[in-house]
Amino acid sequence: MAETETSSVRRNSKYTNLTVRGNTSFKEKLALKNSLAKETLSEFLATCVLIILGCGCIAQSVLSKGAAGGFLTINLGFAIAVTMAIYVSGGVSGGHINPAVSFAMCLTGRLKWAKLPFYVIAQFLGAMTGSAAVFGIYHDALKEYTGGVLTVVGPNATAHIFATYPSPFLSIANGFVDQVISTTLLLIVVFAIFDNKNLGTPKGLEPIAVGLLILLLGLSLGLNSGCAMNPARDLGPRIFTALAGWGTEVFTAGNNWWWVPVVGPMVGAPIGAFIYIICIEAHHRDNLDDMKPKMEADNYEKHELTNMA
């Protein structure tokens, strides 16, 4: 009996048990087989979404001269952008969208070191691609606002749409401390949000909790330089603007500010991760229960050695 209408044919013998697919769907043909490739693509797309939606909020505010947005809408928009980006990639790669987060995950054993370069490259490329999309979407508005002259500083400056720049009063040292502390706080709370042994966040609502965290950090620590806390979010768009017409001044402006939102978060993220582990995670009852058999064994060995002595 031959079934000619079925989508697959099963071939059985003493040595094989094979299923040959007759019709493969388009989605199945596109599906990546390598898990690292899936995670890399996920981080790229999510970071791209983050920059389009986040920097889009800044562009709308700047190019409308405040008529279509301001400090509150930018912070709220970026927070929601982070939420949406994590929803895009969270189930595949964890939704890091930030090299500092990926670095902290590696240091704490939550991500394999071999994956770190792929995550970071994907995040930077995603940020640059997102910047290009914002530039394309607001091309005519940029041309109208600037008169065709793209500047980094001055009354019609537009480079800050894409990357962060320090306030006039901010020193490099103070800016570096700002980035370290803000990223430290970011990682402390992110670890708490995803810690199921703590209060935990209901499954599926973690991105919303992270978005609220980003909103709070922006509202409380955003005055100095915009609270980047993300090397890819800052350096990726900065590189794009240098290539797109703003020139190398994007690196020299603000007393060579560009490296602060790159290095600061990479320092702050591990500090935040280990503060949470040392102060909270290490003391969960489950961890102590896991250690109890080892402690009892150690005590037994000490007791035996004492008796022998």
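These are my notebook entries on a predicted model of one protein chain.

**Ground rules**

I number residues from 1 along each chain as its sequence is written, and I leave hydrogens and water out, using heavy atoms for side-chain values. Since I have a predicted model here, local features need pLDDT of at least 70 and side-chain atom pairs count only at pLDDT 80 or more, while totals for chains, interfaces and linings use all residues.

**Entry 1: the overall layout**

I looked up the secondary structure and found 12 helices and two strands. Helices here are DSSP runs of H or I with at least four residues, strands are runs of E with at least two, and both are numbered from the N terminus.

Next I checked burial: 42% of the 309 residues count as buried. Buried means under 20% relative accessible area, exposed means over 50%, and partly exposed lies in between (1.4 Å probe, protein chains only).

I also looked at contacts, meaning heavy atoms within 4.5 Å. Among those between residues at least 6 apart in sequence, 73% join residues at least 24 apart.

The accessible surface comes to about 17100 Å², and 65% of it belongs to carbon and sulfur atoms. Such areas come from the Shrake-Rupley method with a 1.4 Å probe, and for residues only the protein chains shown count as cover.

**Entry 2: salt bridges**

How many salt bridges does a search of the whole structure find? I noted three, where a salt bridge is a side-chain nitrogen of Lys or Arg within 4 Å of a carboxyl oxygen of Asp or Glu.

- Glu39 pairs with Lys115 at 3.1 Å, N to O. This pair links distant parts of the chain, 76 residues apart: Glu39 sits in helix H2 (residues 35–63) and Lys115 in the loop between H4 (99–107) and H5 (116–137). Glu39 and Lys115 are both buried.
- Arg110 pairs with Glu281, with the closest N and O atoms 2.6 Å apart. Arg110 is in the loop between H4 and H5, and Glu281 is in the loop between H11 (260–279) and H12 (285–308), 171 residues apart. I put Arg110 down as partly exposed because its relative accessibility is 39%.
- Asp234 pairs with Arg238 at 2.5 Å, N to O. Both lie in helix H9 (residues 231–246), four residues apart, about one turn of the helix.

**Entry 3: H4 beside H5**

I found that the axes of H4 and H5 come within 9 Å and cross at roughly 170 degrees. So H4 is roughly antiparallel to H5, a label for angles over 145 degrees; under 35 is roughly parallel, 65 to 115 roughly perpendicular, and the rest oblique. The axes are lines fitted to C-alpha atoms, for helices over the stretch in contact, with angles from 0 to 180 degrees between N-to-C directions. Pro99, Ser102, Phe103 and Cys106 in H4 meet residues of H5, including Tyr119 and Phe124.

**Entry 4: two positive phi values**

Most residues other than glycine have a negative phi, so I noted the exceptions I came across. Ile97, not a glycine, has a positive phi of about 45 degrees. Ile97 lies in the loop between H3 and H4. Is Ile97 buried or exposed? Ile97 is buried, because its relative accessible area is 4%.

Asn256 has a phi near 60 degrees and lies in helix H10 (residues 249–256). Asn256 counts as partly exposed because its relative accessibility is 37%.
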